[in-house]
Amino acid sequence: MIFTPSAMMLKLLYTRGSLRNTPEGVAFSIKNRLDTVRITRIEYVELDDVRIGTEQIALDLGNGDVRPASVFNAERTGFTLPVGQSATFHLAAKPLPEGLHTIRVRFAAEPFGELTVEVEDAIAARPESRTRIPRSETDDYSEAAIQARQQFAEEFTGEQFEHLKQYSFDAQTLKGNCEHFTGVAQIPVGLAGPLHVNGEHAQGDFLIPLATTEGTLVASYNRGIQLLNLCGGVKCTVIGDAMQRAPVFVFDDARGARDFGRWVEEEIERIRPEAESTSRIAKLQYIDTYLAGKFAYLRFNYSTGDAAGQNMVGRATFAACSWILENYKGAPIRHFYLESNFATDKKASQINVMRTRGKRVVAEAVIKRDILQQRMRVKPEQLAYHGQVSNVGAFLSGANNNGAHSANAITALFIATGQDVANVSESSAGVLYSEVTKEGDLYISITIPSLIVATHGGGTGLATQNEYLRMLGCTGRGTVNKLAEIVAGVVLAGELSLGSAISSSDWVSSHEQYGRNR
C-alpha cells in the first residue's frame, strides 16, 4: 500500500537553508523523506511566481550525476531516488537578492503521481572566509579525504596525533554512521562473567564485554555476576516492546483538538495500514492521545523488530500523518509537527517509565542468605533496609532510578555493541525492589522500563561492535530480546555488587585499591 503525501507533508521535503546563488544561477535541494520513488518528469520550477522552463533546469544527484530536465523528460526513463538521498536543482536564472523568496516545484514521481512542493526560503549573507573541515564531494570516506582531515586537525590545533589514526576496518563501512570521519576513540573493553541467564530468549552462559575507562567497574560487575551464578543465575523477562514518534496537531481551540483526538481513535484501523506502508518491519500497535489547550499530541507506538527503530517509526508516522492531514474534515489543523518532544527521544521522562519505550525488561533473582553473607559480607535484612532508605533519597532527588548505577552497565554494553549511546538517558531508568523471603533469603529485581537496544541497524554492523555482539550470540534475526535480557541481567549484577559494597562499607576501600589511577 502506498500513502498519499499531503501538501503540508510535501513542504518537509525541501531542505531549509539550501537556497543559494551559484555562478550559473540559483540552486536549492529537495531530500526524499517519503519512500523510495522514481522521478519520472520535472514539470516546472517557479521562483517568486516567475516560471523557470525545463531547458533551464538541471538535477544534480551527487557523485557527478547531473541530468538536464529537458533531456530527462524527453527520454522518459526516470530515475530512482532512495529515501534519504537529495536532489539539487540548478537553475539558469538571475541571482536572487538577499531576503525571503517563494519556491514552487512541480514534478511527477511513481507511485505518488503529480506532486507540488511549495515553500519559502531565504538568501542569507554568507561570510566570505570561514574555516571549513576538508570534505570530498566524490568520496568522503577515501583515504585521501580522511588524511586531509587528519592533517587539518593537526595544523589547526598545533598538535600531532598518533593513536586516533590507527584503526583496522574499512572506512567505507562507516557511510550512514559517521560524517567527516577522521579517526577512532579507543575505549578499553574488559570481560565479566560468564553470566548465567535464565531468560525466554537468552538462555545459558554469556561473556559480558564492558567498554569503560572507570576503574573497578568490570570488577564490580564480575563480583555481582559470580553471586548470581552461585544462586542459579538471573531470571530475565521482556514484558513490553514499543518505540514511539509523537506528532502534535494545533487547532484554534480545545474543542477542535478534542474532536480530532476522538476521530483518530475511531480511524485507527484506517491509519494503521498507512503507517505500515513504509516498512516491512514496523507495526503500529496503538496511538495514545494527550490533550492540552488547543494541542493534540499523538503518541504512535510501534514494534520495530531487531532495530531500535527511531528512524523507522519516524517514516511510518510521517506517512500516517500525511494521510490524517488529507482526510480529517473537522476543525482546521493550523500547524503540524512530526515530533512534539512527547516521545522524549534521548531524554529521561516519566511517561517512558509508565508506558515503555524500547524494551521493558525485568531481571530478578533469589540470593541465598549464606552465599550473600559469605561473598558480600552483608545480610539480606541489611540490603532490604538499605533499599528502603535509598528509595527516600531517590524520591527526594527526583531521580528516574531508585537503584544504584544501572547506567554503568548499560553504557559500557552500549559502547561495546554499537548501540546509540545517547539512549542511555532513557535506558538508565530503573525500578529496583528487594525483600527478605520467608526462608530468610533476598529476593531482588530491577525493572528497566525503557531499554533501547538493537541487533540490526545503526552501529551494530560496524566491525568491532559486531564482533562483541557475536560474542554475546546476538547477531541475526530475532535476537534483540535476547540482548535486552542479557543487559538487564548485567544491570542486576551491578546493583547487587554496589549495593552490598555500600551496605558493608567496602565501597571506598575498593575504589582506593582498584579504581584510582595515580
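Which residues in helix 6 meet which residues in helix 7? Arg270, Ile271, Glu274 and Ala275 in helix 6 meet Ala316, Ala319, Ala320, Trp323, Ile324 and Asn327 in helix 7. Contact here means heavy atoms within 4.5 Å.

This is a predicted model, in which local features need pLDDT of at least 70, side-chain atom pairs count only at pLDDT 80 or more, and totals for chains, interfaces and linings use all residues. Residues are numbered from 1 along each chain as its sequence is written, and side-chain values use heavy atoms, with hydrogens and water left out.

**Overall make-up**

- The protein has 15 helices and 20 strands. Both are DSSP runs numbered from the N terminus: helices are H or I with at least four residues, strands are E with at least two.
- Its C-alpha trace spans about 85 × 60 × 40 Å along the principal axes.
- Of the 518 residues, 49% count as buried. Buried means under 20% relative accessible area, exposed means over 50%, and partly exposed lies in between (1.4 Å probe, protein chains only).
- Take the contacts between residues at least 6 apart in sequence: 71% of them join residues at least 24 apart.

**Helix 6 against helix 7**

- Helix 6 covers residues 268-276 and helix 7 covers residues 310-327.
- The two pack at an angle of about 135°, with their axes 7 Å apart. Axes are lines fitted to C-alpha atoms, for helices over the stretch in contact, and angles run from 0 to 180 degrees between N-to-C directions.
- Helix 6 and helix 7 are therefore oblique to each other. Angles under 35 degrees count as roughly parallel, over 145 as roughly antiparallel, 65 to 115 as roughly perpendicular, and the rest as oblique.
- Helix 6 passes helix 7 in a right-handed crossing. Right-handed means that the near helix is turned clockwise from the far one by less than a right angle; anticlockwise is left-handed.

- 5 strands form an open sheet in the order 1-2-8-5-6, with antiparallel pairing. Two strands pair if DSSP finds at least two bridges between them.
- Strand 1 (20-22) and strand 6 (66-68) stand at the edges. Each has a single partner strand, so one side of each is left without a neighbour in the sheet.
- From one strand to the next, the twist averages 30°.
- Strand 2 (residues 25-31) is joined to strand 8 (residues 86-91) by 6 bridges. Here Val26 stands opposite Leu91 in strand 8.
- Strand 5 (residues 57-60) pairs with strand 8 over 4 bridges, also antiparallel. Ile57 stands opposite Leu91 in strand 8.

**Cysteines**

- A search of the whole structure finds 0 disulfides. A disulfide is a pair of cysteine sulfur atoms within 2.5 Å.
- Cys231 is in no disulfide, and the nearest cysteine sulfur, that of Cys236, is 14 Å away. Cys231 is buried, at a relative accessible area of 18%.
- For Cys236, the closest cysteine sulfur is in Cys474, 12 Å away and too far for a bond. Cys236 counts as buried, at 1% relative accessibility.

**Thr212**

- Thr212 is found in the loop between strand 12 (203-211) and helix 4 (217-230).
- Thr212 counts as buried, at 16% relative accessibility.
- Leaving aside neighbours within four places in sequence, Thr212 is in contact with Ile187, Pro188, Leu217 and Val218.
- Val234 lies 22 residues from Thr212 along the chain, and their C-alpha atoms are separated by 23 Å.
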